[in-house]
Amino acid sequence: MATWAIGDIQGCDGALDRLLKTISFDSQADRLWLVGDLVGRGPDSLAVLDRLIDLGPCVVSVLGNHDLHLLAVAAGVRSPKAVEKLDHVLAHPSLAKYVDFLKNQSLIHVCPKLKAVMTHAGVYPKWTVDQAVSLAGEVADALRGTQCDEFLCHMYGDTPRCWNPTLSGWERLRFITNTFTRMRVVDQHGCLDLNYKDEAAAAPSGLRAWFDIPNPGLSHYRVVFGHWAASGLVNQPPYLGLDTGCIWGGSLSAVHLEAGHVNIVSVSCDPL
Ligand SMILES: [Mn+2]
């Protein structure tokens with residue numbers, strides 16, 4: 001049995017198919033971890049969702065910003081844009097099934113046995129794993145609750161930039177959602193800068209990648225994430241960034257989590 005973690009798919013079902021064949025993925029024996037952004041921008045988000053639903057319980061995914069965006073558009077609180085290529089999902093008679101599948105994914109997945117944590121963008125440097133799980137649960141409750149559409153409506157925005165445990169209401173949920181799904185760099189006070197999207201190494205002075213800030217709360221855990229295509233593969237123990245830019249004509253990557261070393265398998269992707 002193997003656990004494979006795969007980077008941002010973003011509707012690239014052809015690449016996902018090739019990658020699963022390359023790693024000889026066996027849905028009866030193996031497990032698949034997905035760092036989120038399953039859909040959006042790529043040619044076939046619908047096929048990705050169908051494939052993942054068909055694969056069943058061997059799939060564990062966390063939600064990315066594009067997945068949440070699909071939920072917001074499906075709820076009618078945001079307008080679809082052609083560039084997202086979500087029309088086939090949104091017009092599908094079984095849209096509710098896809099919405100339900102996404103709403104039942106979390107913002108964080110923790111496996112004590114593998115000593116691994118997975119989120120889409122990262123783990124906020126001031127949070128322990130237990131705190132992160134608890135805070136992610138607040139967003140999961142909002143997504144699955146009766147105020148889901150209101151949450152999706154209030155989810156958008158770059159503020160508050162700084163964490164304060166006394167944050168409440170939509171602002172609290174927005175900060176938590178932004179850290180798990182959009183964070184890349186933080187300033188010296190630990191406040192988010194959600195505008196910077198270039199590679200980590202080129203960050204202007206005063207801004208650092210979230211994974212360059214020591215976080216004793218993550219000790220003994222490997223942290224698997226995606227979202228940062230400009231930085232490509234991040235192999236900086238305990239951090240493992242897997243967005244190798246499939247959507248941009250880069251590659252789709254998988255890593256075998258039980259392997260003693262970082263064993264990366266990649267397939268090349270077609271440019272859009
Ligand atoms: Mn993303």
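This is a predicted model: local features need pLDDT of at least 70, side-chain atom pairs count only at pLDDT 80 or more; totals for chains, interfaces and linings use all residues.
I started with Cys162, and it is partly exposed, with a relative accessible area of 33%. (My cut-offs: buried means under 20% relative accessible area, exposed over 50%, partly exposed in between, with a 1.4 Å probe and protein chains only.)

Residues are numbered from 1 along each chain as its sequence is written, and side-chain values use heavy atoms, leaving out hydrogens and water.

**Disulfides**

What is Cys162 joined to? I found a disulfide to Cys191, S to S 2.0 Å; the term means a pair of cysteine sulfur atoms within 2.5 Å. The link of Cys162 and Cys191 is right-handed, with 110° about the S-S bond. Cys162 sits in the loop between α7 (148-154) and α8 (169-181) and Cys191 in the loop between β6 (185-187) and β7 (192-193), so the pair ties together parts 29 residues apart in sequence. For the helix and strand names I used DSSP runs numbered from the N terminus: helices are H or I with at least four residues, strands E with at least two. Cys191 is buried, at 6%.

Next I looked up Cys246, which a disulfide joins to Cys269 (S to S 2.2 Å). The torsion about that S-S bond is about -105°, so this disulfide is left-handed. Cys246 lies in the loop between β11 and β12, and Cys269 in the segment after β13, so they tie together parts 23 residues apart in sequence. Both Cys246 and Cys269 are buried.

**Strands**

I then checked β12 (residues 251-256) and β13 (residues 264-268): 5 bridges join them, and they run antiparallel. (Two strands pair if DSSP finds at least two bridges between them.) Leu252 has Val267 as its bridge partner in β13. Val267 is on the covered face of β13 with Val265, while Ile264, Ser266 and Ser268 are on the uncovered one.

**Helix α5**

Which residues of α5 (residues 95-103) are buried? I noted Leu95, Tyr98, Val99, Phe101 and Leu102. They cover an arc of only 160° around the axis, which puts them on the same side of α5; the arc is that of the directions from the helix axis to the C-beta atoms.
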